[in-house]
Amino acid sequence: MAEIAVGIDLGTSNSCVATSRDGDVEVLPNAYGEATTASVVNLAADGSITVGNAAKANIIHDPKNTVYSAKRLIGRYFFSDEVKKAQAICSYEIVEAENHGVRIKVREELFSLAELSAMVLRELKSIAEARLGGSVTKAVITVPAYFNDNQRQATKDAGRIAGLEVLRILNEPTAAALAYGFGKGLNQRVAVYDLGGGTFDISVLEIGEDVFEVLATSGDTFLGGDDFDDRLIDLLADEFLASEKVNLRNDPYALEKLKLASESAKKQLSVDARAEIRIPDIATVADGSPRSIERVVTAEEFNALVMDLIMRSFKVCDEALQQAGIIARDLDGVILVGGPTRLPIVRDSVREYFQQDPKTDVDPDEVVAMGAAIHAASLVNQGGDAYLLDVTPLSLQIGVAGGLAEPVIERNTPVPIEQSRTFTTFKDHQEAVAIRVYQGESRETSENELLGQFEFSGFEKGRRGEVAIDVSFEIDTDGIVNVTARDRATGQAASTRITLSSGLSEGELQQIIDDGITDRVATSAETAQPVPLDEADADTAPETLEAPGPVPLTEDADTCEMKAYAQADIDALAIDTEAGGDLAALEEDLDVDALSDDADGLGSSIFDDDDALFDPAGEDLGADPEPSGGER
Ligand SMILES: Nc1ncnc2c1ncn2[C@@H]1O[C@H](COP(=O)(O)OP(=O)(O)OP(=O)(O)O)[C@@H](O)[C@H]1O
Ligand SMILES: [Mg+2]
């Protein structure tokens, strides 16, 4: 009997778990019979943790201790725009951790975003176990195609904390295409238009009998149904300010009420041409009397409020189609994913843009989890599986002089992929070299996402420029970046150490797992009667928790400190020899004094341009074979 492995759509607002057995794909509903469960976590005064719709109800009554939209913050640096935005609108406390990481402070306890996501995953695991009547330890978890390495790694960590072996991190649109086309013998080119709670993704895929190839993918992590709600909130708050002279935005309690009312009005507009908003006693005005909001919003009015958001999604579509080298008319189908795609204005706009009716036979809330379940089953069953060909959504770049970035792996390259570069030392008897790795499309390092600084040591020391270290940059099938180095003289693998990352170190992760944080989740499934889909299968379900292998990149990351980082500025310079690094030019260019100054200011920002770790593949060294390089 095959093992049970589930597919999990870990969403910003809602999550969904599904399983595929003997070709039957089934969404596993929660204890309340709902196909999706709110991705919301509430911490009670007694330390117990509630997840799901029961927790969501606490957003109004207990806003400080109720965490929602954690996915918007996972894998991000504290100084990122997304964190600033969340600080402005969320009632829970967002604080800075070591290495510019992010923690949520609830009732004096600090939680990483991976832990909070793990609590949601734990609830989904319990839902699946209650429905399947056995232990569930393996899962495929989906992420937006546009997630970078930090976000994917943190999601994988969340799975591990929840006691799940993450078989694969799968892109949401790829999962949707699998659910749509798997086993149907199709030969089509499709677009997956995924407008979720917090993110928008568009992917163009080629679907064959057993090959699902992503041709291009693009996205906007700042665009989703939450933004639609914000437009309604603004409308209501502005009107209230004008009529009652009270700014509801300054009252967290009123704001949460506005948010819930706006969201439900929006949902109403997916089935009706008008929605009634009623919020009794939302605030008290100057004379001490309570005031309510009562208003009708028409679809026409709502459409005008959100049209620019929808148009923004098409800009991203233009980009993806262009990268895939096709035009909208070349597509055989458009698959809709995500709650907001139920809105007529979204469907109509999509129809107009793609010049065809979008597919409506797949449920936009369940399709991603179903695809993940299909893939999970194929990974544990070995055989008969679809062959997935995914691409990396973001270019992998290395930092070079002058705050510039040099691509190593271009975006939309099929993964897994490995690219090698050779580096050498800058000083005699140098003991370590370091390279800063970024993901993103900008030529400026500061506009890309820093994945980490990789430091190599353990190679045979030599005179400057004589040591050759082959560094390979790999993006695996999970979209996770691995960096390895080999000393060419000895053939020995140099030890790789990540010295800067926003994620949890292996030590921290192990501590969290040992603490059994997710055991505190009072899962709703505990009170529900298990409803095994098939008693016989349930008996053979795996009972033991299997620990996954070591997580790449974060190993030994507990050593990452600003101090180590600044030291690396001085010691760990490397020259990319394959790109034509010129040692003499490098010496002229390199202001060693400036670097020393930087090391003295240990507290300085890691993004000070001047402190850029040196990779001399850049034009500053005349390494660029293209004459055009000089103007940058
Ligand atoms: N019937 C509906 N009409 C309009 N919007 C809806 C409807 N149902 C849900 N939504 C909205 O969909 C959004 C959540 O979408 P969904 O559950 O697909 O996102 P998610 O998967 O949690 O997020 P993401 O994919 O960004 O991680 C919310 O903004 C919610 O208000
Ligand atoms: Mg989603």
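1. Helix H9, which covers residues 299–324, bends by about 50 degrees at valine 306; the bend is the angle between axes fitted to the seven residues ending at a residue and the seven starting there. Helices (H or I, at least four residues) and strands (E, at least two) are DSSP runs, numbered from the N terminus. Just after H9, glycine 325 takes a positive phi of about 70 degrees.

2. A word on the basis of this note: the model is predicted, so that local features need pLDDT of at least 70 and side-chain atom pairs count only at pLDDT 80 or more, while totals for chains, interfaces and linings use all residues. Residues are numbered from 1 along each chain as its sequence is written, and chains are lettered from A and ligands numbered from 1 in the order in which they are written.

3. The buried residues of H9 include Phe302, Val306, Leu309, Ile310 and Ser313, where buried means that 20 or more other C-beta atoms lie within 10 Å of a residue's own, exposed means 12 or fewer, and partly exposed lies in between, with C-beta atoms placed from the backbone. An α-helix has 3.6 residues a turn, so residues three or four places apart point the same way. Among the elements that the buried residues of H9 pack against are strand E14 (200–207), strand E15 (211–220) and helix H10 (344–354), contact being counted when two C-beta atoms, placed from the backbone, lie within 7 Å.

4. Strand E15 is largely enclosed by the rest of the structure, because 7 of its 10 residues are buried. E14 and E15 form a hairpin with 3 residues between them, and the two run antiparallel, joined by 8 bridges; strands pair if DSSP finds at least two bridges between them. Within this pairing, phenylalanine 200 has aspartate 220 in E15 as its bridge partner.

5. Around ligand 1 there are 22 residues, the closest being Gly11, Gly196, Gly225, Ser270 and Gly339; a residue belongs here if its C-beta atom, placed from the backbone, lies within 6 Å of the molecule. Helix H7 (225–244) and helix H8 (252–268) are the elements that give two or more residues to this shell, and H8 gives the largest share, 3 residues. By class the shell has 2 nonpolar, 13 polar and 7 charged residues, with Ala, Val, Leu, Ile, Met, Phe, Trp, Tyr, Cys and Pro taken as nonpolar, Asp, Glu, Lys and Arg as charged, and the others, Gly among them, as polar.

6. Lysine 56, a residue of helix H1 (residues 53–56), counts as buried because it has 21 C-beta neighbours inside 10 Å. Leaving aside residues up to four places away in sequence, lysine 56 touches Ala38 and Val40. Its C-alpha atom is separated by 10.0 Å from that of leucine 260, which lies 204 residues apart from it along the chain.

7. Some backbone values deserve a look in the model, given that most residues other than glycine have a negative phi, and most peptide bonds are trans. Arginine 107, in the loop between strand E9 (102–106) and strand E10 (109–112), has a positive phi of about 45 degrees although it is not a glycine, and it is exposed, with 10 other C-beta atoms within 10 Å. Glutamine 355, in the loop between H10 and helix H11 (367–381), has a positive phi near 55 degrees. The peptide bond from valine 415 to proline 416 is cis, with omega near 5 degrees.
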